[in-house]
Amino acid sequence: MIRYFLELDFKSIYNLGNKINSHFSQTNDLNEIYKDQYTKVLVYEKNQEIIGFLMYVELEESVDILNVLVKEKYRRQKIASCLIDYMISELQDSVKLITLEVRKSNKAAINLYEKFGFEIINIRQKYYGNEDAYLMGRIIKE
């Protein structure tokens, strides 16, 4: 089941987020995000367990995906695809552009985003310390 996050999900989201970024819980205040009208978090729940989430910021007619994460044992089961598809279907009437950054070496994520029509717009040099990032985007409507 996909739904927007609740306060009771904070611990699970922090646990997952810290796996991709050891500073996740220090740089993402879920209490503030919960009150924020612009930042949204979709969670994928299976058997009452949060196994993935997608965090994005919606501003005007654009969205920036901040994080997409699925627990390791549930990867390659189309959970990230379901989260992205759900977000796009929720926003398709109000948003013109979706962007994100991804490590240049993260081929699995790049392939996933390309399946959803995202294209490389730019390269951000040394965005992840010594590693470059691709800025990717998808136009939803002109």
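## Salt bridges

The side chains of Lys 71 and Glu 49 meet in a salt bridge, with N and O 2.5 Å apart (a side-chain nitrogen of Lys or Arg within 4 Å of a carboxyl oxygen of Asp or Glu). Lys 71 lies in the loop between strand S4 (62–70) and helix H4 (79–91) and Glu 49 in strand S3, so the pair ties together parts that are 22 residues apart in sequence. Helices (H or I, at least four residues) and strands (E, at least two) are DSSP runs, numbered from the N terminus. The model is predicted: local features need pLDDT of at least 70 and side-chain atom pairs count only at pLDDT 80 or more, while totals for chains, interfaces and linings use all residues. Residues are numbered from 1 along each chain as its sequence is written, and side-chain values use heavy atoms, leaving out hydrogens and water.

The structure holds six salt bridges. Another joins Glu 101 and Arg 124 (2.0 Å, N to O). Glu 101 is in strand S5 (residues 97–103) and Arg 124 in strand S6 (residues 119–128), so this pair ties together parts 23 residues apart in sequence. Arg 3, Asp 9 and Glu 45 are linked in a network of salt bridges.

## Strand pairing

Strand S2 (residues 39–46) has six of its eight residues buried, meaning under 20% relative accessible area, with exposed over 50% and partly exposed in between (1.4 Å probe, protein chains only). S2 runs antiparallel to S1, joined by three bridges, and Arg 3 stands opposite Val 43 in S2. Eight bridges join S2 to strand S3 (residues 49–59), also antiparallel; two strands pair if DSSP finds at least two bridges between them. Leu 42 has Leu 54 in S3 as its bridge partner.
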